[in-house]
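Okay, thanks for coming, everyone. Let me put the structure up and then walk you through a couple of things in it.

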Amino acid sequence: MTTRRSFVVGALGSAAFFGSSQSSFAQGVPAGYPADYADLIARAKKEGRVAIYTSTDEAQGQPLVEAFKQAYGIAVDYNGLGTTDVYNRVISEGAAGQVGADVAWTSSMDLQMVLAGKGLLDTYLSPEAAHFPQTSIYKDMVFGTSVEPVAMIYNKNLLKAEWVPKTRADLVKLLQEYGKDLKGKVASFDPEKSGIGFLLAQTDLQNTSSFWDLAKAFGAADGKVYGSSGAMREKVVSGEQIVAFNVIGSYALQWQKESPVVGVSFASDYTSAFQRVASVTKNAPHPAAGRLFLDFMLSEKGQAILADKGVPPLRKGYKGALDAEEIGKLTGGNMKVIPVDEKLAGNMNPKLRSEFFQIWRKAMRGEG
Amino acid sequence: MSAAGGLARRSEGQGYRVAVIAALVLVVMTPVGLILYQSFLDAPFFDKTARMSLEAYDYVLTDPDFWTALGTTALFAVGLVAVAVPLGAMLAFLLSRTDLVGKRWLEPVALVPMFLSSIVLAFGYTVAVGPSGFVSLWMKETFGIKPWSIYSLGGMILIGGLSHVPNVYLYVSSAMRSLPSDLEEAARASGASIWRVSLDVTLPMVLPSLIFAAALNLLLGFETFGIPLVLGDPSGIVVLTTYIYKVNGIFGTPTYHVMAVVAVALILITLPLVYFQRLLLRNSRRYAAVGGKGARATPLRLGPSGQVIAWSLIALWLVVSVALPIGGITVRAFVDAWGEGVRLRDHLTLAHFAHVFDTPSLFRGIINTLLLAVIGGAFAVAIYLAVGLAGHRNKGPSGALLDYMVLLPRALPGIIIGLAFFWVFLFVPFLTPLRPTLVSLFVAYTVVGLSYGLRIIQATLLQVAPELEESSRTTGASPMRTWRDTVIPIIRPGLVGAWSLIMIVFLREYATGVYLMGVGTEVVGTLMVSLLTSGSMDQIAALAFLSILFTALGLGFALRLGARIHD
């Protein structure tokens, strides 16, 4: 596999080398990239546009898009969809032979692995790949673009300071002991509605022994479930809910800056973190532009732009806002990053899912 | 008139009918057939591994959650009708048959709840009367109690019912306005009170429109998505539409077959309703009120005490169903935080609007929505009129077929119709270039609005007494000519009313675009749904506020230009 791939790349490389001798050499090729990259840029410019299907909020993604446009003069169709919609759309369009997306960029790591398994994603040897850990790249098809720890958020006016959970164990204890006082006032992700919600619940289940205790106490406290972190923020800020857990931490830090009511806490004994993953699609309408965009996302500049909008970067050696050191400090060094690997596809096992949801629903009804 | 000539003219009308009905069957049955076919497979129909199977039926029918959702849905729909129909009928009577003070400006205001997609409405109520809403907090401070909960089935029914009052109102008032006032005046002259007149004289004459309104609102209740999603779902109150929505997540793969089974279940529930409706209206002649002798309506006088009572009721309804949700949305659109312990004054901002105008997709969404509503709405009404005439005075089997074709899509939630058309535009070769254009949304919207628009047009057509058409035919006019020169001029005010209704329907639609919408075809309603999945509440509030504003401006403009909602 590897030998064949390197052969193909080598062939492409030499073809591009001979091709580029007559054109103006390597104009706009980022430092450290192979010289034949100018060819990719030229083809991408000829394609003229790139289409992104993503679950990333436009507020986080737009600066990246603007910077890309400025760098290459290529138009970007930014299609903001939910995690399941990104997935469903890539599948249906692939089946119809009318692929619309060049890049699929989503927080549902497991769904992206299924797309890879179904042969809907293309392989690409990104020149940026070397800057990323092995646990972030799967078969040159799925690339982790960020590392995002989950957090607990709470309403500072309504939660007694001594009740603020500092660890996962604190959270379980809080719900078990003070569930009555917090009745109907605790929120979390809905694993039924949200792909990322399910991924986080599975991760907790696999990495902690207290997951079902937490779920039962949550259900007994008449906990409410939501499909997005933003919806939970709204409820906590308004005081409808007092505590929410498994909220996307990078967003939470942003909200803490914006609102004096929001408190953020990362569990120091165990904090899970997911990677927002990106891929180029097979038979993409603008294959070169898609690859160019992926590289741009992974580049030092792209990662810094994302970090600036609260999406922590993954790139090795990155220094700046939300770098590895800062994230490590926040999470007490006990961050469990979900690796981009085949095991994630196991989350799609129907038996595993139906068993999980049976116990989950019982817990939510307070029958645990 | 020779026998041969008469035959030729009859066949002219017949040919028209056949052509229209055939086209309608094609447009409606393609998505419905696709859904039916999909329900009998064990995977998405485009998946090569898909086999014929009853697996999906087995899953749904043995799932206790499905039956719970079905029961909750039925309660919700019946409750919604019980709230909306009496209030809507009363409102229609007061605004169209009496001399109520200020009714000219009251009418556009009374339609406002219709401008809002139910997601936004639910959202507005949350900010106003939710557990931390400004009205709730004020109640708590002033009286020490907050006597309601909107996160309950009762709360959902009340909110759903109140938001559907304008639907009933439009149907019923459309019929009421074409009534002559001689019967009501006679009843008044013989000493009946105004309320008695409304119940015993006016109401029976508009019975068909009331039945239509009730039946259609029942169907709407079955497919309401936004209110249960925002108000019920976090607490575990699930209806069929939210059940469909969650099934995908539970399996973790596209479970189009399971979604299709639930859609088929919805069709099976609602078809008998359609049959019942047709039965009630078999003898449509009984309801013809505009006879050969024309009579202009003169409004009934309410008198001072009548004015006061009527105004109090309307004011209460307006506060609850217009001021509260719009107030909630307005507050939310201009602040970045709200609720307990938050001083709104400290959080005022215009940033949400700046963001909407800076973000290309959101800005495009606003433009597209306006195009689709105003221009698309006009085209849709023309199509509905063409269909309406094909079914007009058509008592044969083709008329029955037409009725079912019209109501079939109404039985399906917009999200399912949108999904089916997404498949159609994706897999039918000569249609694929249309998918990234507004045409794809227009087609789906037209099908979704079909029964709404057609019932308005049919209700108006029914008011034209047959003798008018018969006299035209006996003087030698062809059916086409009769329609052009006799029927259409009479119902023209009804057509303008239908246009404004369809415009509103298209403006507020959100579920249909969920699967169809793509880059370049963004619409405001669906953008709000996708923003909800990413949790961008700030932008949702700003978009909601803008869409209310634009609709209000558009309506004001239309009124000024003389295109009144009714004549």
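So, how many residues of chain B are in contact with chain A? The answer is 56 residues of chain B, and they touch 48 residues of chain A. Keep in mind that this is a predicted model. The area buried between the two chains comes to about 4100 Å², and carbon and sulfur atoms give 50% of that. If you want names, Pro234(B), Ile250(B) and Val519(B) supply 14% of the area that chain B buries against chain A, more than any other three residues.

Which helix gives the most residues to the side of chain B that touches chain A? That's α14(B), with six. Overall, that side of chain B divides into 26 nonpolar, 21 polar and nine charged residues.

Now for the aromatics. Over all chains, there are 33 aromatic pairs. Take Phe45(B) and Phe427(B): they sit edge-to-face, 5.3 Å centre to centre, with 65° between the planes. These two are 382 residues apart, with Phe45(B) in the loop between α1 and α2 of chain B and Phe427(B) in helix α20. Phe45(B) is buried at 17% relative accessible area, while Phe427(B), at 28%, is partly exposed.

Another edge-to-face pair is Phe353(B) with Phe545(B), 5.7 Å centre to centre. Phe353(B) is in helix α17 and Phe545(B) in helix α27, so this pair ties together parts 192 residues apart in sequence.

Methods:
Residues are numbered from 1 along each chain as its sequence is written. Chains are lettered from A and ligands numbered from 1 in the order in which they are written. This is a predicted model: local features need pLDDT of at least 70, side-chain atom pairs count only at pLDDT 80 or more; totals for chains, interfaces and linings use all residues. Side-chain values use heavy atoms; hydrogens and water are left out. Contact means heavy atoms within 4.5 Å. Buried area is the accessible area (1.4 Å probe) that two parts lose on being put together, summed over both. Helices (H or I, at least four residues) and strands (E, at least two) are DSSP runs, numbered from the N terminus. Ala, Val, Leu, Ile, Met, Phe, Trp, Tyr, Cys and Pro count as nonpolar, Asp, Glu, Lys and Arg as charged, and the others, Gly among them, as polar. Rings of Phe, Tyr and Trp (its six-membered ring) pair if their centres lie within 6.5 Å; planes under 30 degrees apart count as stacked, over 60 as edge-to-face and the rest as tilted. Buried means under 20% relative accessible area, exposed over 50%, partly exposed in between (1.4 Å probe, protein chains only).
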